[in-house]
Amino acid sequence: LTQLCSPLAEKTGKVLGEFCRCYKEQYGVALFNSVRYEIEGNGGPQAQLLHRKVPLEDHVIYSGNLFQYIEENKKWRNRFCVVPHNYGLVLYENKLAYERELPPRVLINSAGYKVLTSVDQYLELVNSSLPGVTPKSGHSPILKCPTDFPLILWHPYARHYYFCVMTGKEQEKWRAVFQDCVRHCNNGISEDSKVEAPAFTDAIRMYRQSKEQYGTWDMLCGNETQVLSNLVMEELLPELRTTIGPRLKGKAQERQRTWIQISDAVYRMVYEQTKAQYDAVVAKCEQERPQMESTIRTDMDQIITSKEHLASKIRAFVLPKAEICVRNHVQPYISSILEALMTPTSQGFAEVREVFFKEVTDMNMNIVNEGGLEKLVEYMEKLSHLAFHPVKMQSCYEKMDQLKLEGLQQRFDVSSTSVFKQRAQIHMRQQMDDAVYTFETLLHQELGKLQGKEDLCKSIQRILERVLKKYDYDSSTVRKKFFREALLQITIPFLLKKLAPTCKGELAKFQELIFEDFASYILVENTYEEVVLQSVMKDIMQAVKEAAVQRKHNLYRDSMVLHNSDPNLHLLGEGIPIDWGEEYSGQPEAESAADKRRRAKQVVSVIQDDEGVLSYEVGAEELLQPGSPEPREPKEPEEPDPAAPPSSPDGVQEIQEALAKESLGDVPSRASMQHTAPPSPKPRADVPSEAAVPHATPAASPAPGAETPSPSAGMACHQPNDKETGEEVTSPGGRCSPLQPTSTTESGEGVQTEF
């Protein structure tokens with residue numbers, strides 16, 4: 001592998017060099033479009049619901065216990081998992097370690113991962129990743145699970161993570177939590193960036209089209225560096241598989257395990273090189289931005305005139321061919337695609353409405369039966385995070401599982417429907433939070449005027465009805481926009497591919513129509529794509545309009561406007577966020593920061609499993625050493641034997657017996673702690689994400705493999721930051737180190753270290 005380090009770095013640099021050229025070209029176009037939009041504006045329908053700016057700051061989405069398989073020593077360990085506001089998976093040794101604010105063992109960014117609940121599913125993916133290497137029947141598979149309820153995070157390039165729980169109910173909860181994390185992390189390119197984000201996604205698209213790769217791309221997942229790393233790996237992996245595959249030794253499952261480690265090691269190297277090179281090109285573009293923006297604002301009219309002249313010439317050449325292609329190959333299928341999209345999407349949004357209605361109605365009934373304002377505060381704190389409750393929202397999300405394009409998928413070169421599913425699910429979550437936040441704001445405004453429980457309940461019912469009307473309107477607007485975007489994403493790549501043989505080679509002659517001073521802001525390729533888009537846009541708009549006129553799936557007509565909307569409602573949304581517990585708790589003294597943090601965690605972690613099937617008070621060391629009366633002394637890390645059979649408990653009964661025998665011991669001190677995975681990778685369907693990711697200030701983290709001092713009992717509260725949870729990864733820096741299969745060693749203290 002050491003010999004491959006230099007060629008891999010060279011190949012990576014070549015791919016990145018081509019991409020960076022595309023990015024610099026697209027940056028000027030995106031900057032021009034952004035300034036033009038700012039000047040001209042675009043009056044779309046105004047949303048009726050309020051939008052919460054920072055929905056989850058300083059909150060924990062979920063926390064609970066599960067078992068993790070440690071590949072290096074082939075043991076299953078008990079872990080306490082916390083999902084903070086940025087949806088990283090943070091694993092602690094146990095709950096006590098978390099409460100003592102000790103550093104976590106494992107930190108995972110789940111962008112690009114698939115959540116599997118079956119070992120057979122996993123083995124099928126592993127077997128297909130290295131053709132020709134399949135264990136014979138009767139031989140031990142690459143993974144054995146001690147329970148019937150596994151949870152596996154699989155990635156095509158990065159390392160895999162193996163978990164299991166004791167019951168089917170727990171598995172369903174954790175599956176919902178993991179899928180929520182994947183959904184959020186996939187949507188990693190910030191929508192706040194009006195220039196960098198479109199420049200990046202357009203550059204990715206242009207690069208792939210230059211390689212004759214049209215259609216949707218499943219690995220447009222995560223932040224920019226993750227997506228770009230996936231792009232590089234897509235080109236590197238086939239060559240790597242051909243070069244290294246035949247040289248792998250040992251049994252089939254050992255070769256598979258080695259291949260996964262090699263792929264992960266290469267991915268990490270690619271990620272570090274990609275981050276450095278991409279950051280450099282972004283910095284250079286940002287440095288040139290003030291001068292470019294000044295030119296755009298000064299010469300806006302001339303640039304627009306020049307672009308329109310170019311577009312008219314390209315239109316005269318392309319449009320007749322494009323219209324024939326649309327008429328013969330696209331138009332007959334638009335209604336079928338739209339219907340396939342509308343049914344599951346509208347069912348999902350209807351379920352969002354139903355869940356919101358039920359939660360508020362149940363709250364109102366409980367207030368009638370149990371008490372007034374005190375109960376209201378308790379329920380409102382829970383309701384305020386309804387959109388981020390993975391289990392309660394699951395019934396909405398799973399409606400999108402029905403999305404099937406059947407024969408249309410192959411015809412239009414749609415590799416997977418996951419892009420559209422996750423995009424619709426993100427819209428659902430956003431609409432739920434908007435509805436909840438609007439309800440909160442209106443109710444909070446009314447509270448000072450109410451007298452008694454009866455008034456409170458009538459007011460809740462009245463506000464609920466108002467919010468549902470606003471939700472129906474916004475839901476229709478969001479869905480129609482989603483349908484138009486999805487139809488464009490399906491049909492435009494198909495048209496570009498069809499037209500490429502007759503049109504693409506002729507585009508160079510139009511370059512002379514662009515003034516040299518404006519060449520950074522007008523590109524022939526982009527203008528050509530806009531002309532192709534115009535050729536099909538009329539049919540798409542008409543299809544969505546007809547669906548709305550027929551009131552299919554509760555869509556409103558474009559002419560439908562809520563005239564009696566609240567004129568001052570959006571002013572209320574600009575106020576200070578409502579803290580129900582702090583404002584109405586009646587506590588005479590202010591809470592300390594630690595108490596407030598602890599209370600916030602308890603409020604949001606609303607789906608703890610209280611069945612008590614597992615005694616989660618047992619530490620990880622005791623789980624693996626059933627007969628040990630007390631924690632062992634630290635010992636030197638042992639090198640795992642790759643050929644050794646799994647030495648973990650192989651059945652539910654063993655684990656239960658081990659847990660029943662032991663009681664909680666003191667958590668051993670840590671000698672080291674390290675981030676286990678760089679962000680692996682939005683199925684972002686080339687559409688800016690709806691949910692902005694709040695960022696904490698990243699703290700300094702050690703280089704991979706570095707040791708950190710053991711935290712003292714009085715250390716400051718450890719808050720997992722975005723760097724730890726995979727939002728950003730510290731590159732070791734320096735020269736390319738020899739590639740080795742990634743190894744994570746468990747010492748006697750159970751501490752994971754990298755490389």
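Visitor: What makes α12 largely enclosed by the rest of the structure?

Guide: In this predicted model, a residue is called buried when its relative accessible area is under 20%; 26 of the 29 residues of α12 fall in that class, so the helix is largely enclosed by the rest of the structure.

Visitor: How do you know what span is expected for α12, and what span does the helix reach?

Guide: The expected span is 1.5 Å times one less than the number of residues; for helix α12, residues 418-446, that gives 42 Å, and the helix reaches 42 Å from its first C-alpha to its last, close to the expectation.

Visitor: Which strands form the open sheet, and in what order?

Guide: The sheet has 7 strands, ordered β4-β3-β2-β1-β7-β6-β5, with antiparallel pairing.

Visitor: Why do β4 and β5 stand at the edges?

Guide: Strands β4 (106-108) and β5 (114-116) each have a single partner strand, so one side of each is left without a neighbour in the sheet. On average, neighbouring strands of this sheet are turned by 30° against each other, direction ignored.

Visitor: What makes β1 and β7 a pair?

Guide: Two strands pair if at least two bridges are found between them; β1 (residues 60-70) and β7 (residues 161-165) have 2 bridges, in the antiparallel sense, and therefore qualify. Across this pairing, Gln68 stands opposite Phe163 in β7.

Visitor: Which helix packs on the sheet, and which strands does the helix touch?

Guide: Helix α4, residues 168-186, touches β1, β2, β3, β5, β6 and β7, and its direction makes about 15° with that of β6.

Note on methods
Residues are numbered from 1 along each chain as its sequence is written. This is a predicted model: local features need pLDDT of at least 70, side-chain atom pairs count only at pLDDT 80 or more; totals for chains, interfaces and linings use all residues. Side-chain values use heavy atoms; hydrogens and water are left out. Helices (H or I, at least four residues) and strands (E, at least two) are DSSP runs, numbered from the N terminus. Axes are lines fitted to C-alpha atoms, for helices over the stretch in contact, and angles run from 0 to 180 degrees between N-to-C directions. Contact means heavy atoms within 4.5 Å. Buried means under 20% relative accessible area, exposed over 50%, partly exposed in between (1.4 Å probe, protein chains only).
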